[in-house]
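Q: I have a model open and want to go through a few of its contacts. Can you take my questions as they come?

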Amino acid sequence: MSPLFNKIIIASGPTLEPIDPVRFISNRSSGKTGFHLAMEAKARGIGPIVFITGPTFFLPPGVELILVETAQEMRAAIDGHFRQADVVIMAAAVSDYRSRKYYPDKLKKNGEKIILELVKTPDILLDLGRRKRKNQLLVGFAAETEDIFANAQKKLLAKNLDLLVLNEISEGNPGFGSDENQVYLLRRDAIKKIDKMKKSRVAAFIWDEILDLAGHGGR
Ligand code: C5P
């Protein structure tokens, strides 16, 4: 059987942006979504997978694993494989900001307050969207709380994505860290609601969509 793809990049987990030797900025991403996407691909014989992840307990076996911490490191790792990749899935919750300065000595708690200057991290996906070739598929994620469809549609176009997995974050659907999720799958021509279900099953729906976009049909 000829392989469907040359290479698949899955970026997963949070990124961790250091402030001083013991403190950092991060988020509540568990890395479960990226993990299940890798496991589902493997179950279907889809690969090879380069799995690039920030700190997480969820490390899939049988993939090329690249462990990173910061957004900068994640970008560099992805860049090293992007040219050969047919599919890039950005399931990582990249920290949007980092401390402008890294303090090599632990910050002292002398004063009543500390003012920390935060600067934006690179938007990896935006950059990949700009450099994407015709035969490459780019999958992004969005977590929205208001005007979810309008914002997601904007993101799909602005980042030049083929597929956007939209999480509506609410009390009943926290998304981050949870084992279950309710998402919408948005592509240029269609939108699909995926009922709340285990992240492992959501991963199957996402792969059905990717294979369809790649012209390889569903399961
Ligand atoms: O713009 P927003 O952060 O909502 O977009 C989320 C998508 O963009 C996710 O797929 C995430 O992995 C990616 N992203 C990125 N680099 C950033 C922020 C988000 O690649 N600095």
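Q: Start with F35: buried or exposed?
A: F35 is buried, at a relative accessible area of 16%. Buried is under 20%, exposed over 50%, partly exposed in between, with a 1.4 Å probe and protein chains only.

Q: What kind of model is this?
A: It is a predicted model, where local features need pLDDT of at least 70 and side-chain atom pairs pLDDT 80 or more, while totals for chains, interfaces and linings use all residues. Residues are numbered from 1 along each chain, and side-chain values use heavy atoms, without hydrogens or water.

Q: How many aromatic pairs are there?
A: Two (ring centres within 6.5 Å; planes under 30 degrees apart are stacked, over 60 edge-to-face, the rest tilted). F35 and F58 make an edge-to-face pair, because their planes are at 65°, with the ring centres 5.7 Å apart.

Q: Where do F35 and F58 sit?
A: F35 is in helix α1 (residues 32–43), and F58 is in the loop between β4 (49–53) and β5 (64–67), so the pair ties together parts 23 residues apart in sequence.

Q: What about F149 and Y184?
A: They form an edge-to-face aromatic pair, 4.8 Å centre to centre with 80° between the planes. F149 belongs to helix α4 (residues 148–158) and Y184 to strand β11 (residues 180–186), so this pair ties together parts 35 residues apart in sequence.

Q: Which burial class does each one get?
A: F149 is partly exposed at 36%, whereas Y184 is buried at 12%.

Q: Switching to the ligand. How many residues surround it?
A: 13, counting residues with a heavy atom within 4 Å. The closest are M90, A92, P122, F141 and K155.

Q: What does the side chain of K155 do there?
A: One of its N or O atoms is 2.5 Å from an oxygen atom of the ligand, which falls under the polar contact limit of 3.5 Å for N or O pairs. A backbone N or O atom of L125 is 2.9 Å from a ligand oxygen atom. In the side chain of T121, an N or O atom is 3.4 Å from a ligand nitrogen atom.

Q: How much of the ligand is buried by the protein?
A: 85% of the 450 Å² that the ligand exposes when taken alone (Shrake-Rupley, 1.4 Å probe).

Q: Which elements give two or more residues to the shell?
A: α3 (124–131) and β9 (137–144).

Definitions and conventions. Phe/Tyr/Trp six-rings, centres within 6.5 Å; stacked < 30°, edge-to-face > 60°. Helix = DSSP H or I, 4+ residues; strand = E, 2+ residues; numbered from the N terminus. Polar contact = N/O pair within 3.5 Å; in protein donor to acceptor, adjacent residues only side chain to side chain.
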